Amino acid sequence: MNNLLKKSSSKQNISLHQELKAYGKSGCYPFHMPGHKRQLTGFGDPWQLDITEIDGFDNLHHATGILEQLQQQAAELFGSRRSFLLVNGSTCGLLAAISACIPIGGKLLMSRNCHKAVYHALELRSLRPVYLMPERSRLGIMGSLSPDAVEAALDADPEIGAVLVVSPTYDGVVSDIRAIAALSHSRGIPLIVDEAHGAHFPLSSHFPASALRCGADVVVESLHKTLPAFTQTAVLHVNSDLVSEDAVRRFLGIYQTSSPSYLLMASADCCLQLIAREGPKRFGELRTRLDTFYQEMSRLSYMECLKPLDTFAWDDSKILLSGQRLGLSGPSLARLLREHYRLEMEMASGHYVLALSSLMDTEEGFQRLYEACAEIERQFSLNPTPVLADMIDRSDIYRLPMAACSIAGAMQQPCRTIPLEEAAGQVSQEYLYLYPPGIPLIVPGEYIYPDLLSLILELRAADLELNGLSDMTNQRINIVIS
């Protein structure tokens, strides 16, 4: 008992604040979000800036003053008709966009690789999804969504009320938004684009064209992912008469906090001001650093940068590093980079790691990453191991489902809990995500395919991060009692 008490007491003494301060001074370089990369100074004492809706500082939910001016500046900078500032991340933007575009019980045509927020909108609004699977890249990652597949789905189902596409994906894959927008508009329905990972697209010609420029009606972008703003900051753009601004505003009042943080909004202000002043210069520097890094990596024989060139377009600020020719899985490579080189990656997949870059990355950061890759190659190429057979790629585990009932329907039915290993053929009452980025492998109401379950068990054995089950050890799952 004493040992248990001591262990519990030790955990309670851990201070998040102190851990964060220590990490910030550790010299670990962040190839991950947020996009400010801890490089900005001069923000001021946050305790002095943290206020509520006092006189002169406006109200985000009824913006008519300084916050409305900030939103107008965002619209001008990004090239949108109307921009709404978000402090609950792209999550609340997606919930509001879907709710504003489709009535309760309506149909949404959506790519299966959507973020979990989209599935939560399906549940909350009792929507009926029509799923499309993106094409598979030969590199083992999800590719672009085919306009032909969108057209076929729209032709087959006139009840579809809106289309939702993820572009770019977590890995930077871009779909043909212009073609998909034209197909949606020919049916008189809006196109929503989850461009959370592409907030830099409208701001620089060095990267793929933005969904706004390509005709999307609603675009949701995370400022914090690729731009210098605090975590949780994002924007929702309305760019069409097909979507009611009033409806968007009403649903944002539901999904956003009623106490929006002025610290978050001030960081978004600083972000937009920095880009307005220095955007072309800083994006140009990022382009040069990326080009130099890719050129240096091309001289290595085993370590490589994966480039999904068999897609419509790709954002190469998402660096996909692979050591599979050396027999290194994604988690193994991420661990090496973290423990031996103080480089923290954004994500480790089965056969690669994802390093996120932004306009705030330094030349030193890119040089450290290259030198680490070169040294890893020198060490492991002395005795290279064949490519591991169990390097699971993510395109293997996402597939079109067979549903027994809707998400909302499954959540309202009785359930029982069984070992995950025994779940083949059962109907799930829970979500299961591979995180990041939070794309569901299983959704409530769907049958659990035996082959998918086998892959999930492999992911669990490989210590890849699985979220969503009420059993946080991922040993048991709730299934619907038929």
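Lys107 sits in strand S3, which spans residues 107-111, in what is a predicted model. With a relative accessibility of 16%, Lys107 falls under the 20% limit and therefore counts as buried. Its side chain has a polar partner, Asp157, at 2.5 Å.

**Around Lys107**

- Leaving out residues up to four places away in sequence, Lys107 touches Ile102, Arg128, Val130, Asp157, Glu159, Ile160, Gly161 and Ala162.
- Among these contacts, Asp157 is also the residue whose side chain makes the 2.5 Å polar contact with the side chain of Lys107.

**The sheet**

- Seven strands make up an open sheet with mixed pairing, and their order is S2-S9-S8-S7-S5-S3-S4.
- Strand S2 (82-86) and strand S4 (128-132) are the edge strands; each has a single partner, so one side of each has no neighbour in the sheet.
- From one strand to the next, the twist averages 20°.
- At one end of the order, S2 pairs with strand S9 (residues 234-238) in the antiparallel sense, over five bridges.
- Within this pairing, Ser83 has His237 of S9 as its bridge partner.
- Helix H5 (residues 89-101) packs on the sheet and touches S2, S3, S5, S7, S9 and strand S8 (218-222).
- The direction of H5 makes about 170° with that of S8.

**Strand S5 and its two partners**

- S3 and S5 are parallel partners joined over four bridges, and Leu108 stands opposite Ala162 of S5.
- S5 and S7 also pair in the parallel sense, over four bridges, with Val193 of S7 as the bridge partner of Val165.

**Helix H8**

- Which residues of helix H8 (residues 177-186) are buried? They are Ile177, Ile180, Ala181, Leu183 and Ser184.
- Because these residues cover an arc of only 160° around the axis, they lie on the same side of H8.
- Their cover includes helix H7 (147-156), strand S5 (160-166) and strand S7 (191-194).
- After H8 comes Gly188, which has a positive phi, near 75°.

**Nonpolar cores**

- The largest nonpolar core holds 92 residues, of which Leu227, Leu321, Leu337 and Leu369 touch the most other members.
- Helix H11 (residues 262-298) gives the most to this core, contributing 14 residues.
- Setting aside neighbours within four places in sequence, Leu369 is in contact with Phe31, Phe293, Leu321, Leu337, Leu343, Met345 and Ala355.
- There is also a second, separate core of 40 residues, including Tyr119, Val218, Leu236 and Leu252.

**A buried serine in a loop**

- Ser317 lies in the loop that connects strand S11 (313-314) with strand S12 (318-322).
- Is Ser317 buried or exposed? Its relative accessibility is 1%, so Ser317 counts as buried.
- The side chains of Ser317 and Asp315 are joined by a polar contact of 2.9 Å.
- Not counting residues up to four places away in sequence, Ser317 touches His200, Phe207, Leu290, Ala355, Leu356 and Ser357.

Methods. Residues numbered from 1 in each chain as written. Predicted model: local features only at pLDDT ≥ 70, side-chain atom pairs only at ≥ 80, totals over all residues. Heavy atoms only, no water. Helix = DSSP H or I, 4+ residues; strand = E, 2+ residues; numbered from the N terminus. Buried < 20%, exposed > 50% of the residue type's maximum accessible area, 1.4 Å probe, protein only. Polar contact = N/O pair within 3.5 Å; in protein donor to acceptor, adjacent residues only side chain to side chain. Contact = heavy atoms within 4.5 Å. Arc of directions from axis to C-beta. Pairing = 2+ DSSP bridges. Axes fitted to C-alpha atoms, helices over the stretch in contact; angles between N-to-C directions. Core = buried A, V, L, I, M, F, W, Y, C linked by side-chain atoms within 4.5 Å.
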